[in-house]
Amino acid sequence: MADDLHRLVYYSRNMMPGSEDEVLAGIEQILATSRVNNEKVGVTGALLFNSGCFAQVLEGTRSAISETFERIQCDPRHGDVLVLEFAPAAKRSFSTWSMGFVGHAQRDQSMFGSISERTGFDPQQLDAEQIFATMHRLMLEEESPALV
Ligand code: FAD
């Protein structure tokens, strides 16, 4: 029971210096490592990068998420890590992605940008469900652009 499926949602601020291209190269490196590590422990989810902030959803057993997140939150490439939700989940919503990425397309940036503009990324105003639902929708659209 204690190791049932859980979901963790957090956001953080980018601490990687450099040009936009250098930051994107850094993110590619993070994604490559994440995909290898997450697949080994059955963690799925998605990472979003927008306006200098990350948002990430992790799904898996409580212990797998805890171990993964312990490493993530110590990573100097981001800071001000704020957990918005860590709770049991009925099912996986990102089951086909060991770590999907939202942020390739301009339209993704403008969609998440609307959340950014409304909240100014104020931690006290961000809602885990809102971030989760937006990321899930964007991942589905990236997978099947013709269907949306
Ligand atoms: P390596 O990748 O070999 O890294 C070894 C050590 O060096 C780690 O402490 C690492 O933090 C540090 N390191 C590596 N590259 C750099 C660098 N360029 N600058 C500074 N320090 C560096 N990991 C996951 O496994 N799953 C995830 O879902 C995940 N999501 C992440 C999301 C964000 C926003 C960030 C910033 C990192 C994420 N990571 C994730 C990476 C995580 O923080 C660890 O770096 C990684 O899990 C360690 O993997 P590794 O043991 O294979 O070590």
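Me: Which residue in S5 stands opposite Leu-48?

Reply: That is Val-102. A quick note before we go on: this is a predicted model, where local features need pLDDT of at least 70 and side-chain atom pairs pLDDT 80 or more, while totals for chains, interfaces and linings use all residues. Residues are numbered from 1 along each chain as its sequence is written, and side-chain values use heavy atoms, leaving out hydrogens and water.

Me: What makes S2 and S5 a pair?

Reply: Pairing takes at least two bridges found by DSSP. Strand S2 (residues 44-50) has 3 bridges to S5, so the two count as paired; they run parallel. Strands here are DSSP runs of E with at least two residues, and helices are runs of H or I with at least four, numbered from the N terminus.

Me: Why are S4 and S5 called edge strands?

Reply: The open sheet has 5 strands in the order S4-S1-S3-S2-S5, with mixed pairing. Strand S4 (78-88) and strand S5 (100-102) are its edges because each pairs on one side only. Neighbouring strands are turned by 15 degrees on average, direction ignored.

Me: How do you know which strands helix H2 packs on?

Reply: Contact means heavy atoms within 4.5 Å, and helix H2 (residues 62-73) touches strand S1 (5-14), strand S3 (53-61) and S4. The H2 direction makes about 150 degrees with that of S3, on a scale from 0 to 180 degrees between N-to-C directions of lines fitted to C-alpha atoms, for helices over the stretch in contact.

Me: Which element gives the largest share of the shell around the ligand?

Reply: H1 does, with 6 residues.
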